[in-house]
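Thanks for coming, everyone. I'd like to walk you through one chain today, so please have a look at it before I start.

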Amino acid sequence: MPFDTVADPTPLSPRLGRPGTGTCIIRGLQRRCPACGMGNLFCGFLTVQPVCAVCGNDNGAYPSDDFAPYVTIFLVLHLMTPFLIGADALWTPPFWLEGLIALPIFTAATIALLPYAKGGVIGFAYAMGVRRRSADQDRLG
Ligand SMILES: [Zn+2]
């Protein structure tokens, strides 16, 4: 099993405590560290900053893997489908023209939403205590 859901060794400030699940997800959606909400979660477009510069949280330990693209595709399809159905009902464009217009919009929306979805997924993983297993844990079984 690639993930470990037991004891999360992330050091947190005792004054702040551990934030709630919704707070962690919102912080991730804002592309901020889910632990403190202050540091940047990403150091590139989709590259996770391994350690938060503000609180030192090990953000690289929380997996997003394929779940962020699934969430992104789910959202984009559900956001764009009413427009496609509306366009068909009002205009009935030829299939090739509809594809020519819709595909760039789908692509742009997917690329635009992916970092936010990835941040939200990492925030959710942090809140649930889902961490990547280290190489030592994999070797020991
Ligand atoms: Zn932080």
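**A walk along the chain**

Let me begin with T92, which sits in the loop between helix 2 and helix 3. When I say helix or strand, I mean DSSP runs numbered from the N terminus, H or I over at least four residues for helices and E over at least two for strands. Please keep in mind that this is a predicted model, where local features need pLDDT of at least 70, side-chain atom pairs count only at pLDDT 80 or more, and totals for chains, interfaces and linings use all residues. Residues are numbered from 1 along each chain as its sequence is written.

Back to T92: is this residue buried or exposed? T92 counts as exposed, because it has 8 C-beta neighbours inside 10 Å. The rule is that a residue is buried with 20 or more other C-beta atoms within 10 Å of its own, exposed with 12 or fewer, and partly exposed in between, with C-beta atoms placed from the backbone. The phi of T92 is positive, near 45°. Most residues other than glycine have a negative phi. D65 also has a positive phi, near 40°, and lies in the loop between helix 1 and helix 2. D65 has 13 C-beta neighbours inside 10 Å, so it counts as partly exposed.

Now the overall layout. The protein chain has four helices and two strands, in the order β-α-α-α-β-α along the sequence. Of its 141 residues, 23% are buried.

Next, helix 2. How far apart are its end C-alpha atoms? They are 35 Å apart, which agrees with the 34 Å that its 24 residues, 67–90, should span at 1.5 Å a residue; the expected span is 1.5 Å times one less than the number of residues. Helix 2 does bend by about 30° at M80, with a proline, P82, following within four residues. That bend is the angle between axes fitted to the seven residues ending there and the seven starting there. A68, T72 and V76 are buried in helix 2, and helix 3 is included in what covers its buried residues.

So how do the two helices pack? Helix 2 and helix 3 have an angle of about 145° between them, and their axes are 8 Å apart. Here axes are lines fitted to C-alpha atoms, for helices over the stretch in contact, and angles run from 0 to 180 degrees between N-to-C directions. Residues of helix 2 that meet helix 3 include F67, V71, L75 and L84, while the helix 3 side includes E98, F106, L113 and V121. Contact means C-beta atoms, placed from the backbone, within 7 Å. Another pair to look at is P69 and T110: they are 41 residues apart along the chain, with C-alpha atoms separated by 8.4 Å.

Last stop, the core. Which residues touch the most other members of the largest nonpolar core? They are V121, I122, F124, A125 and Y126, out of 17 residues. Helix 1 (21–29) and helix 3 (95–128) each supply at least two residues of this core, and helix 3 gives the most, with seven. A nonpolar core is a set of buried Ala, Val, Leu, Ile, Met, Phe, Trp, Tyr and Cys residues joined through C-beta atoms within 7 Å. Beyond its neighbours within four places in sequence, I122 contacts G28, P34, L41, V48, N59, Y62 and S64.

Key: Two residues are in contact if their C-beta atoms, placed from the backbone, lie within 7 Å.
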